Amino acid sequence: MNAQIRTTGSSSSRPGGSTLGKERVSRRSEWLRELIKDKWMYAMLLPGVFFFIIFKYVPMYGVIIAFQDYQPFQGVLGSSWAGLKHFERFFSEPQFWQLFRNTLLLAIYNIVFFFPLPIVLALMLNEVRVERFKRFVQTMIYIPHFVSWVVVVGVFYIILTTEGGIINEMLFALTGHKIAFLLEPSWFRTIIMSQSIWKEVGWGTIIFLAALSGVDVQLYEAARMDGANRLRQLWHITLPAIRSTIVILLILRLGTFLDSGFEHIFLMLAPTNRDVGEVFDTYVYVKGLTQAQYSYSAAVGLFKSFIGLILVLGANWMAKKFGQEGVY
Amino acid sequence: MSQDQSYVRVDNTLGNKLFDGANIIVLTIIALVTVLPFIYILAVSFTSPEEAAKGGFILFPKSFSLSAYQYIFSTDTLMRSLLVSIYVTTLGTAINLLLTCLMAYPLAKQTLRGRQPILMAVLFTMLFSGGLIPTYFVVSGMGLTNTLWSLMIPNAISAFNLIVLKNFFQQIPDGLEDSARIDGCTDVGVLFRIVIPLSMPAIATFGMFYAVSHWNQFFSAIIYINDSDKWPVQVLLREIVILAQSRIGDTGFDETAIQPQTIRMAVIVFATIPILLVYPFLQKHFAKGVMLGSVKG
């Protein structure tokens with residue numbers, strides 16, 4: 001930040017350079033001189049800065065409509081204030097607890113059922129000694145990460161439907177019954193988790209595989225000398241080696257606890273499964289954009305963003321407590 | 001790395017052989033479960049209506065037929081939405097890369113005044129956002145709704161990609177840039193002639209991430225675009241597969257001649273093919289690119 005540590009690029013063309021205290025009087029003009037000298041740098045920054053102001057910071061300012069009775073034609077400045085009315089309405093709404101439960105349950109399912117799988121898969125891949133086979137498996141399991149949620153949900157629809165879906169065909173042949181997986185609310189969370197796992201587990205292994213590749217091979221050699229078999233090597237060397245990666249990713253995951261994958265849920269929602277499927281994000285969409293209750297849904301959105309912010313900061317604080325570097 | 005490791009760990013006891021065997025079998029099953037649905041969909045989309053009507057698990061169609069594809073191309077709808085997606089993906093990715101590089105380069109200069117506050121402001125957008133409704137009003141207030149710009153401009157820069165690219169730029173030795181400046185290059189010239197060419201692996205990775213997200217984009221189109229002529233292919237896919245509107249577009253079709261199921265699968269194939277085509281080329285880049293992400297800001 002300070003002029004005296006300028007060492008790179010553009011500064012080298014400046015004669016003399018400044019030393020501490022010497023030029024305090026002309027600090028202002030120094031500022032101006034650097035501004036002019038780096039004018040191209042600032043010019044390059046401009047489009048990006050405008051982008052962040054307009055599409056990220058103006059909407060943050062826009063959340064004040066949550067405290068108004070917003071009328072689109074009167075704008076943010078012209079609408080009348082409503083205090084905490086919309087928040088009070090939201091918290092007293094019977095649906096609040098339903099949304100809360102749905103969001104929380106999906107978050108917990110994510111931690112319990114999804115989180116450990118990439119680690120297990122990475123450990124298994126790490127034990128493969130035929131490099132070709134390992135690369136083949138990796139190539140296959142990364143693919144679903146790149147297809148859209150629409151395709152994932154569509155593929156599941158085609159396979160699970162009661163009208164000729166392959167799974168139901170097999171079920172019918174075996175048991176004589178079909179299961180309406182896509183309509184039964186009791187299957188909703190299972191299917192959501194299966195889809196997430198199918199799409200993202202392979203991709204999730206990348207970071208653990210990278211951590212595993214850094215393990216010192218001499219440790220394995222030493223363990224073998226001591227007579228440790230493969231399982232014991234896995235337990236005593238490999239797992240401890242990636243423990244810090246696991247902890248930091250778990251903490252990051254807790255930080256985005258309430259993000260249940262909006263597009264995914266939105267695509268899976270049907271009139272029959274709203275009771276178990278509706279989460280904060282989809283509720284904001286329904287109330288705001290389809291029923292035009294702008295201020296109310298902005299209040300719901302703000303509530304969720306605020307909880308999210310607290311969770312991120314809390315998780316980061318925890319990361320530091322754990323002796324990790326922290327993320328921010 | 002892992003080559004040496006396996007060499008060290010070779011130990012042909014029975015326990016080890018069992019361990020390896022079980023491991024390989026389980027991994028093979030996982031790989032199959034991942035890929036079989038795609039192959040199934042591809043296979044059924046090519047079967048004849050009679051065979052598809054019989055149902056059952058088809059991996060190798062006995063009868064080959066292009067009727068589903070003929071049908072979806074006999075309507076304008078799919079063609080039009082494919083063109084929309086191609087347009088948004090190419091132009092959108094170009095905008096993404098240009099803006100991200102332009103902003104990342106000055107931010108990579110640790111001596112630039114005002115750099116730190118801008119970085120903090122960018123980081124903050126990763127923690128907190130105005131949410132759906134205020135963002136919608138900004139986009140519509142700028143008159144972007146119902147234009148394809150609404151799919152490209154509001155997410156022109158990903159804060160995460162920006163930070164990672166900034167870190168990557170920082171690793172380029174300053175000496176290279178200095179010498180270009182001595183030869184009379186401006187800052188902009190240095191970026192485009194030195195820094196970007198040196199960063200091609202990183203930029204290719206981000207280009208792919210941006211392109212994939214544009215191609216897969218669906219929700220922005222749902223909220224910002226009313227005009228079905230401007231739907232990208234993912235929105236059309238949702239209509240056909242999930243909302244089960246098997247008639248796409250104007251030409252009616254005879255349900256006995258073509259199975260709606262095969263039509264759905266043919267559309268899925270088209271919504272996925274571009275990714276499967278570029279995948280082998282980009283695969284060697286992205287693992288490296290993801291690792292860039294683990295470098296701390």
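Predicted model: local features only at pLDDT ≥ 70, side-chain atom pairs only at ≥ 80, totals over all residues.
Within chain A, the assignment separates domain 1, spanning residues 30-67, from domain 2, spanning residues 84-322. The two domains of chain A meet through 4 residues of domain 1 and 8 residues of domain 2, and their C-alpha centres are 35 Å apart. Between domain 1 and domain 2 of chain A about 470 Å² is buried, with carbon and sulfur atoms contributing 79% of that area. On the domain 1 side, A:Ile65, A:Ala66 and A:Phe67 together account for 86% of the area buried against domain 2 of chain A, more than any other three residues. In class, the residues of domain 1 of chain A that touch domain 2 comprise 4 nonpolar residues, with no polar and no charged residue among them.

Turning to the interface between the chains, 103 residues of chain B are in contact with 102 residues of chain A. The area buried between chain B and chain A is about 9600 Å², of which 74% lies on carbon and sulfur atoms. Across the interface of chain B and chain A, 3 salt bridges are found, one of which joins A:Arg129 to B:Asp20 with a separation of 2.1 Å between the closest N and O atoms. The interface of chain B and chain A also contains 14 residue pairs in polar contact, with both partners at pLDDT 80 or more. On the chain B side, helix α2, covering residues 14-45, provides the largest share of the residues that touch chain A, namely 17. By class, the side of chain B that touches chain A is made up of 66 nonpolar, 25 polar and 12 charged residues.

For chain B, an unreviewed UniProt entry carries the annotation "transmembrane region" over residues 24-43, 84-105, 117-139, 151-169, 190-212 and 263-282. Two of these annotated segments may be described individually. Residues 84-105 of chain B are 100% helix and 0% strand in the model, and the C-alpha atoms at the ends of this segment are separated by 31 Å. Residues 151-169 of chain B, by comparison, are 58% helix and likewise 0% strand, with 28 Å between the end C-alpha atoms.

How values were computed: Residues numbered from 1 in each chain as written. Chains lettered and ligands numbered in written order. Heavy atoms only, no water. Domains from an automatic or database assignment. Contact = heavy atoms within 4.5 Å. Buried area = accessible area lost by both parts, 1.4 Å probe. Nonpolar A, V, L, I, M, F, W, Y, C, P; charged D, E, K, R; others polar. Salt bridge = Lys/Arg side-chain N within 4 Å of Asp/Glu carboxyl O. Polar contact = N/O pair within 3.5 Å; in protein donor to acceptor, adjacent residues only side chain to side chain. Helix = DSSP H or I, 4+ residues; strand = E, 2+ residues; numbered from the N terminus. UniProt positions renumbered as here; feature names shortened; annotations may be inferred.
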